[in-house]
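Subject: Structure handover

Hello,

Here is the structure you will be working with. Please open it beside this email and look up the residues as you read.

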Amino acid sequence: MATYVIVGAGLAGAKAAQTLREEGFDGEIVLIGAEDERPYERPPLSKDYLQGKGEREQIFVHPPDWYADNAVELRLGLRVTRIELDHHVVRFGDGSRQPYDKLLVATGATPRRLPGPGSYLRTVRDCEALKERLAAAQSVLIVGASWIGLETAAAARAANCAVTVVEPEPTALNRALGPDLGNLFARLHARKGVDLRFGTAAAEITEAGVRLSSGERLAADLVVVGIGAAPEVGLARDAGLDVEHGILTDAALRTSHPDVYAAGDVAESFHPLYGRRLRVEHWANALHGGPAAARSMLGQEVSYDRIPYFYTDQYELGMEFSGDIEGYEEIVYRGDPESLEFIAYWLRGGRVIAGMNVNVWDVVDDIQELIRSGVIVDQKELSTG
């Protein structure tokens, strides 16, 4: 009987295990997680759950009994320390080992850190600790105007904290959306009372707050760091798998070893539509990438070409984004961005490469179809519908 091992008990790993069973795999499935919690979804950790909305049980991928009911061996609180490709085993810190016939690496990413006593938001325990600290804090300083940083800023304002955001880029979300849309998010937060400090970095975090690169010191009861995440590629690199910004895979999510696959935040996979490798850190990539990897492990024909997608909720702004803005030349708007009810299209060579719908719903499929088509669009028609 074949044994399929999944290292990483997050959304990608849990969905891969589910898909293996749904597709008829009757061998042994071992799902290994470094955390003590069973697999859960991360978006609520910086959105509703952080703000005290919804029940804890709602964040989990499966009910507690699902794993036993589906003969998935869930091994939690266990960290894999080595992958031995030649022997088809993974090893743990105590020297024990787990053999595999095929292996999926879905180890995710870990927050980039700064020296000092800052708080981070990655795990459910991080979220619950931060929720308690927000309730007790009067002032919060957030390092990084990232998605996590801005969502945390919105949660902190909802908790009636005074909030300052420090960001070395010229505006919020500058790399993710470009300056025009980044400024829109910055203005939204400024209207909600957030003090935004752009063009300056945190040089040091102290118990009293932050010292900026300019030398200025900002006091705060709580410092939260949201400066991005790094993929957990150490196991793969040490094992000899090909690694660059993530674990390199083909479009079927196969790594450089024929019996090892990668999915989720850690995978840098060839995307057939874009003709290059992408590493996507968002929820939808884990949701769909895990099942795609499972089907590939089963020998099915897989070409993982999902359009990158993510969403955010900040104050009264709800947004969905599809695509990749790399190399964009212009942005076309349908509707008035200042009304916070519009669609933005990023164009390159007259073709739509990304789209963002803000408080406009049920249009994601149309936007993604437009991106896939690669047609040269009529900008007037695009802006008026």
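Predicted model: local features only at pLDDT ≥ 70, side-chain atom pairs only at ≥ 80, totals over all residues.

Residues are numbered from 1 along each chain as its sequence is written, and side-chain values use heavy atoms, with hydrogens and water left out.

**Annotated domains**

UniProt, in an unreviewed entry, places the feature "domain: FAD/NAD(P)-binding" at residues 4-289. UniProt positions are in the numbering used here, feature names are shortened, and annotations may be inferred rather than shown by experiment. That span is 25% helix and 28% strand, and its end C-alpha atoms lie 17 Å apart. Helices (H or I, at least four residues) and strands (E, at least two) are DSSP runs, numbered from the N terminus. The annotation "domain: Reductase C-terminal", also from an unreviewed UniProt entry, covers residues 309-382. Here the span is 19% helix and 45% strand, with end C-alpha atoms 20 Å apart.

**Q18**

Q18 sits in helix α1, which runs over residues 11-22. Is Q18 buried or exposed? Q18 counts as buried because its relative accessibility is 16%; buried means under 20% relative accessible area, exposed over 50%, and partly exposed in between (1.4 Å probe, protein chains only). The side chains of Q18 and K15 are joined by a polar contact of 3.3 Å. A polar contact is a pair of N or O atoms within 3.5 Å; within protein, one must be able to donate a hydrogen and the other to accept it, and residues adjacent in sequence count only if both atoms are side-chain atoms. Not counting residues up to four places away in sequence, Q18 touches H62 and W66, where contact means heavy atoms within 4.5 Å.

**Aromatic pairs**

There are nine aromatic pairs in the structure. Rings of Phe, Tyr and Trp (its six-membered ring) pair if their centres lie within 6.5 Å; planes under 30 degrees apart count as stacked, over 60 as edge-to-face and the rest as tilted. One of the pairs is Y40 with F60, which is edge-to-face at 6.4 Å centre to centre, with 85 degrees between the planes. Both Y40 and F60 are in the loop between β2 (28-32) and α2 (66-69), 20 residues apart, and the pair links distant parts of the chain. Y40 is buried, at 4% relative accessible area, and F60 is buried too, at 8%.

W283 and Y311 form another edge-to-face pair, with 5.9 Å between centres and 90 degrees between planes. W283 is in helix α8 (residues 283-297) and Y311 in strand β21 (residues 309-314), so this pair ties together parts 28 residues apart in sequence. W283 is partly exposed at 27%, as is Y311 at 28%.

Ring pairs also link W147, F185, F310, F321 and W346 into a cluster.

Which ring does the charged end of R38 sit over? That ring belongs to F60, and its centre is 4.0 Å away. A charge sits over a ring if NZ of Lys or CZ of Arg is within 6 Å of the ring centre and within 35 degrees of the ring normal. R38 is found in the loop between β2 and α2 and counts as buried at 15% relative accessibility. Its side chain reaches the backbone oxygen of H62 at 2.9 Å. K47 lies over the face of Y311, 4.8 Å from the ring centre.

**Nonpolar cores**

A nonpolar core is a set of buried Ala, Val, Leu, Ile, Met, Phe, Trp, Tyr and Cys residues joined through side-chain atoms within 4.5 Å. The largest has 49 residues, of which F185, W346 and M356 touch the most other members. Apart from that core lies another, of 30 residues, including A9, V61, L104 and M297.

**T249**

T249 is in strand β17 (residues 247-249) and is buried, with a relative accessible area of 1%. Its side chain makes a polar contact of 2.8 Å with the side chain of S269. The C-alpha atoms of T249 and R277 are 8.2 Å apart, while the two residues are 28 apart along the chain.

Regards
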